[in-house]
Amino acid sequence: MLKNPAKQKSRQHGMPASAIALNHKFLIPIFAKGSALVQITLNDERYVVAMNDRHIMKLFKEHEPLTAGMHPIVMKKYSDFYVLSYKHLNLNNNEYGSHDFIEETPETAQFVTQPLHP
């Protein structure tokens with residue numbers, strides 16, 4: 001999965017390699033290692049990804065406290081897939097790259113890991 005902080009969009013890692021190569025400066029990988037808070041590394045610093053009820057995302061340094069109303073995005077590992085959640089809602093993506101948070105967990109909300117180098 002990749003996070004684009006400039007556009008506040010998330011995409012599955014399965015996007016075409018040509019699109020990744022073209023936009024590599026704007027995409028930050030989110031490594032799936034198990035159930036945990038979603039964290040990214042940017043400029044050699046680790047950040048927790050958090051969001052509020054208006055769906056405004058913000059990065060907090062790893063040991064920095066969250067501000068009022070902000071809740072961390074959580075990566076949940078299931079037997080065959082991962083889900084990114086905000087409170088009780090799950091991140092759902094469509095084939096055009098847009099996303100929203102929904103209560104269900106359809107296949108479009110399930111992320112599978114892929115090796116970084118085949």
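## Close-up views of the predicted model

**View 1. Glu-62 is partly exposed, with a relative accessible area of 33%.** Buried means under 20% relative accessible area, exposed over 50%, and partly exposed in between (1.4 Å probe, protein chains only). This is a predicted model: local features need pLDDT of at least 70, side-chain atom pairs count only at pLDDT 80 or more, and totals for chains, interfaces and linings use all residues. Residues are numbered from 1 along each chain as its sequence is written, and side-chain values use heavy atoms, with hydrogens and water left out. Glu-62 sits in the loop between β7 (57-61) and β8 (71-72). Helices (H or I, at least four residues) and strands (E, at least two) are DSSP runs numbered from the N terminus. Leaving aside residues up to four places away in sequence, Glu-62 touches Gln-39, Arg-46, Tyr-47 and Val-48. Contact here means heavy atoms within 4.5 Å. The C-alpha atoms of Glu-62 and Ile-40 are separated by 9.3 Å, with the two residues 22 apart along the chain.

**View 2. Glu-62 and Arg-46 meet in a salt bridge through their side chains.** The N to O distance is 3.3 Å. Glu-62 lies in the loop between β7 and β8 and Arg-46 in strand β6, so this pair ties together parts that are 16 residues apart in sequence. A salt bridge needs a side-chain nitrogen of Lys or Arg within 4 Å of a carboxyl oxygen of Asp or Glu. Arg-46 is partly exposed, at 39% relative accessible area. The structure holds three salt bridges. Side chains of opposite charge can pair when their charged atoms come close.

**View 3. Lys-61 forms a salt bridge with Glu-45.** Their closest N and O atoms are 3.5 Å apart. Lys-61 belongs to strand β7 and Glu-45 to strand β6, so the pair links distant parts of the chain, 16 residues apart. Lys-61 has a relative accessible area of 38% and is partly exposed. Glu-45 also counts as partly exposed, at 33% relative accessibility.

**View 4. Asp-53 and Lys-87 form a salt bridge between two loops.** The closest N and O atoms of Asp-53 and Lys-87 are 2.8 Å apart. Asp-53 lies in the loop between β6 and β7 and Lys-87 in the loop between β10 (82-86) and β11, so the pair ties together parts that are 34 residues apart in sequence. Asp-53 counts as exposed, at 53% relative accessibility. Lys-87 counts as partly exposed, at 43%.

**View 5. Strands β5 and β6 form a hairpin with two residues between them.** β5 (residues 39-42) and β6 (residues 45-51) run antiparallel, joined by four bridges. Two strands pair if DSSP finds at least two bridges between them. Gln-39 stands opposite Val-48 in β6. In the turn, Asn-43 has a positive phi of about 55°. In a regular strand the side chains alternate between the two faces of the sheet.

**View 6. Ile-28 is buried, at 8% relative accessibility.** Ile-28 is found in strand β3 (residues 28-29). The C-alpha atoms of Ile-28 and Ile-40 are separated by 7.2 Å. These two residues are 12 apart along the chain.

**View 7. Asn-90 is buried in strand β11.** The strand spans residues 89-93. Asn-90 has a relative accessibility of 7%. A polar contact of 2.9 Å joins its side chain to that of Thr-105. A polar contact is a pair of N or O atoms within 3.5 Å; within protein, one must be able to donate a hydrogen and the other to accept it, and residues adjacent in sequence count only if both atoms are side-chain atoms. In β12, the bridge partner of Asn-90 is Ile-102. Not counting residues up to four places away in sequence, the residues that Asn-90 touches include Val-83, Leu-84, Asp-100 and Phe-101.

**View 8. Five strands make an open sheet in the order β4-β9-β10-β11-β12.** The pairing is antiparallel. β4 (36-37) and β12 (99-102) are the edge strands, and each pairs on one side only. β11 and β12 pair over four bridges.

**View 9. The whole chain has one helix and 12 strands.** From the N terminus on, the elements run β-β-α-β-β-β-β-β-β-β-β-β-β. Of the 118 residues, 34% count as buried. Among contacts between residues at least 6 apart in sequence, 37% join residues at least 24 apart.
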